[in-house]
Amino acid sequence: MTLSHAADLRTIRGPWRIAFSVVLVAVFFALPVLISDATLGTLILCGAFAIGAIGLNLLIGLTGQVSLGHAAFVAIGAYCTSYLGDGRGWPFLAYFATAIVLGLVAGAVIGPFALRLRGNYLVIVTIGLVFVSEHVLRNWESLTRPVRGTAPTRDAAVAIGPLDFGAGLDLGSALYTREQSMFWLTWALVALAAVVAHNLTRSRVGRAMQAVRDRDLAAEVIGVEPGRTKIGAFAVASAMAAAAGVIYALGLGAIDYQELSGIHGLFMSITFVAIIILGGLGTVHGSILGALLVVYGQRLIANEGAAMPILGIPVERGWMSTGELNGVLFGGLIIVFLLLEPRGLAALWARVRTWFQGWPFAY
Amino acid sequence: MSTTGVGTEALIETLFSGIAVGAKYALVALGFVIVFKATRVLNFAHASFVLLGGFITWQLAAEWGVNFYLALPLAMVAGALIGTALQTALLQRLLGERPFSIIMMTIGVLYVFDNVTSAIWGPEDRDLPDPWGSKTVDLGSVNLAVADLWTIGVTSAAVGAFFLFFRYSSLGLGMRATADDQEAALATGIDARRVHLAAWATAGALGTLAGAMLSSGAGSVGPSLGAVAFVAFPAMIVGGLESPVGAVVGGLLIGLIQQLTALLQPEYAAWLGSGFDRVAPFAVMVIILLVRPYGLFGEPEVRRI
């Protein structure tokens, strides 16, 4: 183990991590060629939730500010995609950047509420956020088209320079589908969000966040400004949620305000919180693992659930629908993890790693 | 008044239905606040108590033909049992965990209960065979629903019984002591486990009562019953999470504001958009919390340096 400061600051250190990173990059490039477009579509959605969860984990896991209003900020990104990207024909980077800035501003505006409210009061006020956003979206008909139904996002341009991810990449010798191209874009953005969050946690800002989480009074005494830190955390989390909203909207091809706000918005926010609980509070890779587990699992049951057996009886002939099975498993997963592994998949992962590092000794 | 388009009768009827709706919110909020006060758990699964309570009452009264006045207390006993089972099986194991983990546990329970309920009883709405139906009482030109009158009566009785219990019974005294200072209460020989169980049992019973009252009269038993609990959130937070009095006051306040908004807003403040009465509780909540961050009757947290 090296102890030099420079080595300590490196993002990837040690032979294990280098090997693992190489494997990850190889999987990133190879996966779209190996699996079906339908599965890729699910993985794109996983990526969108992973980006949002990374942001929320900075807020909840690192700063200790619980929010159940995350879906409201996802809606900002989703409607930027629909209105600016699909409706006005803005280029990808333009509406993506607009979504992030709007998310940042919205988070900074909501943030000051967090200064006056604590713990449980904050949880419930952020629930109000998804209901208020439902009211706004329902009445803002030119944006959300509540009468005609869903707002389209599929025609939004997804091109960065010569690379057109929306139409499918054309790399001279090979043609790729929209799903394959979008997978690469999405998971590159997940990696970007992960690096940003990882570096944030190791910086002065990240340490300030943790100090505020652990005891904000003590943090104040040693010179951290809890107010600024909390608002900053809200703003960053909201910006990442908006970025997630863009990918979410592009992945689905159309959005519906009823799925993003109100009671469904609350369920979406809960899904984000469940992702970081199951993945591991306060860890970046936990957010990604959690998103894969929860979103992939839910999609799997929604698509294949009818054929799955419960106690030997296929769901379609049993007493429970796939939607209900999904809900029960989701709730059950939260309960089981909280009872058996409150620190989530990240802790399981750490256990596996320690076992390999210690082998052949027990520890 | 007649020139403005909203008549006096309509106003009186709205005030009355506001109190009736508020009484239902107060019942929901009270069960919620009791658990919070005694155990510091923000119990999202309370929405399941309301939902399950409505369905159990329906099962007893409609399917098994039990007299409604007997079915209601029976269902409340069942609700109390579910509450205690939850506390013993799950919540007790999380003692000392972060409050946030405990909230998530109750959300997990909410998902399981809601989906099992709709798997057992199906998605359709059904009428509770309550003896009040859609009967109304006419006082001059004002129509009042009998079910609303009953709701107000039952709620007052439940709240009254609850406050007597809190003030004069030894268990109620223990609950207050535990809520004030758990360690000091333990030191004086109060059994915290018994107090926690009692709180969860009370919440289960009150949630069931709220579910039955919400589906009586013009209401119906259906999967969306639990969603009302989310409107009761503003009610209890406006009152203050630690205060049963606050839950009742907050419930009535939110009920009145919601009904008045439904009546007056389309006419006088149409720019707020259609269906504003659905978000009015949340708007009121935010405004009140900006002035008093701990609600009207909540306990401010003391910061000492």
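Trainee: Why is A:Asn57 called buried?

Mentor: The relative accessibility of A:Asn57 is 3%. Buried means under 20% relative accessible area, exposed means over 50%, and partly exposed lies in between (1.4 Å probe, protein chains only). So 3% puts A:Asn57 in the buried class. Keep in mind that this is a predicted model, where local features need pLDDT of at least 70 and side-chain atom pairs count only at pLDDT 80 or more, while totals for chains, interfaces and linings use all residues. Residues are numbered from 1 along each chain as its sequence is written, chains are lettered from A and ligands numbered from 1 in the order in which they are written, and side-chain values use heavy atoms, with hydrogens and water left out.

Trainee: Where is A:Asn57 found, and which residues does it touch?

Mentor: A:Asn57 is in helix α3 of chain A, residues 37-62. Helices (H or I, at least four residues) and strands (E, at least two) are DSSP runs, numbered from the N terminus. Leaving out residues up to four places away in sequence, A:Asn57 touches A:Leu62, A:Ile276, A:Gly280, A:Leu281, A:Gly282, A:Thr283 and A:Ser287. Touching here is contact, meaning heavy atoms within 4.5 Å.

Trainee: What makes the pair A:Asn57 and A:Thr283 a polar contact?

Mentor: The A:Asn57 side chain reaches the backbone oxygen of A:Thr283 at 3.1 Å. A polar contact is a pair of N or O atoms within 3.5 Å; within protein, one must be able to donate a hydrogen and the other to accept it, and residues adjacent in sequence count only if both atoms are side-chain atoms. At 3.1 Å, the pair falls within that cut-off.

Trainee: Which residues touch the most other members of the largest nonpolar core?

Mentor: They are A:Ile54, A:Tyr79, A:Leu260, B:Leu42, B:Phe44, B:Met104 and B:Met236, out of 195 residues. α3(A) supplies the largest share of this core, 16 residues. A nonpolar core is a set of buried Ala, Val, Leu, Ile, Met, Phe, Trp, Tyr and Cys residues joined through side-chain atoms within 4.5 Å. As for B:Phe44, its contacts beyond four places in sequence include A:Leu68, A:Val123 and A:Ile127 in chain A, and B:Phe32, B:Ile103 and B:Phe233 in chain B.

Trainee: Why do β1 and β2 of chain B count as paired?

Mentor: Two strands pair if DSSP finds at least two bridges between them. Strand β1 (residues 136-139) and strand β2 (residues 142-145) of chain B are joined by four bridges and run antiparallel, so they pass. B:Val137, for one, has B:Leu144 in β2(B) as its bridge partner. The hairpin has two residues between the strands, and B:Gly140 takes a positive phi near 65° there.

Trainee: What makes B:Arg40 worth a remark?

Mentor: B:Arg40 has a positive phi of about 60° although it is not a glycine. Most residues other than glycine have a negative phi. B:Arg40 sits in the loop between α1 (8-39) and α2 (46-63) of chain B.

Trainee: Is B:Arg40 buried, partly exposed or exposed?

Mentor: Partly exposed, because its relative accessible area is 39%.

Trainee: Last one: why is B:Gly222 put in its accessibility class?

Mentor: Its relative accessible area is 1%, so B:Gly222 is buried. The residue lies in the loop between α8 (192-215) and α9 (228-239) of chain B. Past its neighbours within four places in sequence, B:Gly222 is in contact with B:Leu51, B:Phe55, B:Glu124 and B:Asp125. B:Gly222 and B:Gly54 are 168 residues apart in sequence, yet 8.1 Å apart in space, C-alpha to C-alpha.
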